[in-house]
Amino acid sequence: IQHSRFSPYVNNGGTVAAVAGKDFCVIAGDTRISTGYSIQSRKGCKLTALSSKCVIGTSGMQADMAVLFKNLKMHGVRYQDDHGREMSTESFGQLLSNTLYYKRFFPYYTFNVLGGLDSNGEGCVFSYDAVGSVEKLEYNASGTGS
């Protein structure tokens, strides 16, 4: 008899992609949430705006996505209250890297792409691994379809 082992992680699938140019950044993601061969929802959201110039796209585990989005938004609101201005895209990029590194021993099961306009008004895309290593790119795709 073969027993399945418990895993705290479930990959709900999905793909997010981003492309940046001189004065723009486009980020897109699918809306399907699945588990194995079952479709849980066709209306799931994998993108969220962190500021007027910054959007994060995430695929992976839906529960971890929700917690990560809530955490980043909370830090963005707190920063705005303390400093009287929005957090920059680069700052959100570093915040996400620090957040992922903080959780490195039991990481968020998310595959993240952060995009937006930097402080010079140029498009930028940041790609992350599970423990917060970040790379600034012109384009990136993440998730099951990358």
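Welcome: let's start with a pair of helices, α1 and α2, whose crossing is right-handed. The contact between them involves Leu68, Asn71, Leu72, His75 and Gly76 on the α1 side, and Phe92, Leu95, Leu96 and Thr99 on the α2 side. Keep in mind that this is a predicted model.

- Helix α1 covers residues 62-83 and helix α2 covers residues 89-102.
- Their axes come within 11 Å and cross at roughly 130°, so α1 and α2 are oblique to each other.
- Sorted by type, the residues of this contact comprise five nonpolar, four polar and no charged.

**Asn12**
- You will find Asn12 in the segment before β1, the strand at 15-20.
- The side chain of Asn12 makes a polar contact of 3.3 Å with the side chain of Thr35.
- Beyond its neighbours within four places in sequence, Asn12 is in contact with Arg32, Ile33, Ser34, Thr35, Gly60, Met61 and Gln62.

**Thr58**
- Thr58 sits in strand β6, which spans residues 54-60.
- A polar contact of 2.9 Å links the side chain of Thr58 to that of Asn112.
- Setting aside residues up to four places away in sequence, Thr58 touches Val16, Lys46, Met65, Phe69, Thr110, Phe111 and Asn112.

Technical notes
Residues are numbered from 1 along each chain as its sequence is written. This is a predicted model: local features need pLDDT of at least 70, side-chain atom pairs count only at pLDDT 80 or more; totals for chains, interfaces and linings use all residues. Side-chain values use heavy atoms; hydrogens and water are left out. Axes are lines fitted to C-alpha atoms, for helices over the stretch in contact, and angles run from 0 to 180 degrees between N-to-C directions. Helices (H or I, at least four residues) and strands (E, at least two) are DSSP runs, numbered from the N terminus. Angles under 35 degrees count as roughly parallel, over 145 as roughly antiparallel, 65 to 115 as roughly perpendicular and the rest as oblique. A crossing is left-handed if the near helix is turned anticlockwise from the far one by less than a right angle, and right-handed if clockwise. Contact means heavy atoms within 4.5 Å. Ala, Val, Leu, Ile, Met, Phe, Trp, Tyr, Cys and Pro count as nonpolar, Asp, Glu, Lys and Arg as charged, and the others, Gly among them, as polar. A polar contact is a pair of N or O atoms within 3.5 Å; within protein, one must be able to donate a hydrogen and the other to accept it, and residues adjacent in sequence count only if both atoms are side-chain atoms.
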